[in-house]
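I opened my notebook to get to know a structure that was new to me. These are my entries, in the order I looked things up.

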Amino acid sequence: MRVAVIGTGISGLTAAYLLHREHELTVFEAAPRVGGHTHTVSFDTGVRTVELDTGFIVFNDRNYQNFERLLTRIGVGWQPSDMSFSVSDARDFEYASTSLAGVFANRSHLGSPTFLRMLAEIPRFQRAARELVAGGDEQISLRAWLAARRFGTTFVERLLVPQVAAVWSADPRQLWSMPAAFVAQFFDNHGMLSLRNRPRWRTIIGGSRRYVERLTSGFQDRIRVDAPVQAITRRPDGVELQARGQEPEHFDQVIIATHSDQALELLTDPSWREREILSAIPYQPNEAILHTDVTLLPRRRSAWASWNYHLTEAPRPQTTVTYHLNRLQQLDEERQFCVTLNLSERIDPRLVIKRIAYSHPVYTPDGVAAQARVEEISGPAGRTHYCGAYWGWGFHEDGVRSALRVAESFGVSL
């Protein structure tokens, strides 16, 4: 069959990899590069070139089983990574999960009843979240659930909200409408509701672009970059695609591996189900700045962590977090490399390496409900298949899993 794949994030590339041997494949990518959120930047330090990941950086051995199988199959290696978290504000509040020295990086917290109460609420939250996972109200919002359980303001605003906002790169205010059970299930899956048996985190040796290069090696000649699809029209005998600057082309099936809102915009003839389901998952834009400005890390080195969340004095409509690449990618470099989301005004412009725009799905009750309806719109009967990380938690494993679902409808498996 003639099959079109639109989008070269992890979902589109996995689907294309699995199908390219048995089908006449054409892959369309709107950007001038392949990879989506897998975006590795090469930087010359004067001594060597380092590969810096700006989007997808880490995965683990518990929650990324299909992705690890894919890496093993294409022969891409990984190494251990560090997964730790810090929170700091513009004054003198900061702590890190790295060790007791990190938790009490600010020694005054040892005598702070407010800070100690915040820590004491962690095991209570873990117990309550496990109960919710075991069988609680699946519709209750995170705000309502936390209020009903009477968690303290400091615990919520200075520990829980930073973690959830950082995980989903989300507007902290949008978290209140997220289903509490959705958050609790994610925390449970990732070992965040216990102190033992946590997942082992990993990063790809040489930067995440290595897997993109290996994954696409068998069909590079079938990928068209800088070729945004502008219209998809389903016809009785196939699917017509119109890419910018190109003649309309006919395919037997189309795999749409873009964000859900982008997928809906491409359709010239969306059904009411497609409108309802795809529009239920909105997206949050985020600006990622790759830089070497260490002032974006906590003041005290003992509070430095892999993920460093910034509490801002005025509420912001976006998450504010700095990823410390030296820790995450195990970089043996004197210079400190960071990726900061949505705080460009704090970064010395002389130390900026690259600015990149990303978008991340926002999970609402309607969006979570829409995830369960994918089979209503995706499949060979309609000649249209949808895959993307937005059908799951929004991470690489979810993208791979959605591509496997699509590939199985073609009779192909990993």
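Entry 1: I began with strand β16 (residues 307-310), which runs antiparallel to β17 and is joined to β17 by three bridges. The model I am looking at is predicted. Across that pairing I found Asn-308 opposite Thr-322 in β17. Next I followed β17 to β18: these two strands also run antiparallel, with four bridges between them. Here Tyr-323 faces Val-339 of β18.

I then asked myself which way the residues of β17 (residues 321-324) point. Val-321 and Tyr-323 go one way, Thr-322 and His-324 go the other, and all of them are buried.

**Entry 2: Thr-322.** I stayed with this residue, which has its place in strand β17. Its relative accessible area is 0%, so Thr-322 counts as buried. Its side chain makes a polar contact of 2.7 Å with the side chain of His-310. I also listed what Thr-322 touches beyond four places in sequence: among these residues are Leu-296, Leu-297, Ser-306, Trp-307 and Cys-338.

**Entry 3: Thr-340.** My next stop was strand β18 (residues 338-341), where Thr-340 lies. Is Thr-340 buried or exposed? I found a relative accessibility of 0%, so Thr-340 counts as buried. The side chains of Thr-340 and Thr-322 are joined by a polar contact of 2.7 Å. Setting aside residues up to four places away in sequence, I noted that Thr-340 touches Glu-287, Ala-288, Ile-289, His-291, Leu-296, Val-321, Thr-322 and Ile-347.

**Entry 4: a parallel sheet.** I turned to an open sheet of five strands with parallel pairing, and wrote down its order as β10-β2-β1-β14-β20.

Then I looked at β1. Strand β1 (residues 2-6) runs parallel to strand β14 (residues 253-256), and four bridges join them. On this side Ala-4 is opposite Val-254 in β14. Five bridges link β1 to strand β2 (residues 24-28), again in parallel, and Val-5 stands opposite Val-27 in β2. I checked the cover on β1 as well: four of its five residues are buried, so I noted this strand as mostly covered.

**Entry 5: nonpolar cores.** A reminder I like to keep at hand: in soluble globular proteins, nonpolar side chains tend to be buried together. In this model, the largest nonpolar core holds 98 residues. The members that touch the most others are Phe-67, Phe-125, Trp-145, Trp-168, Tyr-211, Ile-255 and Leu-325. Which helix gives this core its largest share? I found that helix α6 (residues 153-167) does, with nine residues. Another core, of 26 residues, lies apart from this one and includes Ile-6, Val-229, Val-254 and Trp-391.

Beyond four places in sequence, Trp-168 is in contact with several residues, including Met-178, Phe-182, Val-183, Phe-186, His-360 and Pro-361. Tyr-363, Trp-393 and Phe-395 are also on that list.

**Entry 6: Leu-146.** This residue is in helix α5 (residues 142-148). With a relative accessible area of 4%, Leu-146 is buried. Past its neighbours within four places in sequence, Leu-146 contacts Phe-125, Phe-151, Val-156, Leu-160 and Trp-176. I also checked Val-156, 10 residues away from Leu-146 along the chain: their C-alpha atoms are 8.0 Å apart.

**Entry 7: the whole chain.** I finished by stepping back. The secondary structure comes to 13 helices and 20 strands. The radius of gyration is 22 Å, close to the 22 Å that the globule rule gives for 414 residues, so the chain is as compact as a globular protein of that length. Along its principal axes, the C-alpha trace spans about 75 × 55 × 35 Å. How much of the chain is buried? I noted 56% of the 414 residues. Among contacts between residues at least 6 apart in sequence, 69% join residues at least 24 apart. The chain exposes about 18,100 Å², and carbon and sulfur atoms supply 49% of that area.

How values were computed
Residues numbered from 1 in each chain as written. Predicted model: local features only at pLDDT ≥ 70, side-chain atom pairs only at ≥ 80, totals over all residues. Heavy atoms only, no water. Core = buried A, V, L, I, M, F, W, Y, C linked by side-chain atoms within 4.5 Å. Buried < 20%, exposed > 50% of the residue type's maximum accessible area, 1.4 Å probe, protein only. Contact = heavy atoms within 4.5 Å. Pairing = 2+ DSSP bridges. Rg over C-alpha atoms; globule rule 2.2 N^0.38 Å. Areas by Shrake-Rupley, 256 points an atom, 1.4 Å probe, with all protein chains shown as cover. Polar contact = N/O pair within 3.5 Å; in protein donor to acceptor, adjacent residues only side chain to side chain.
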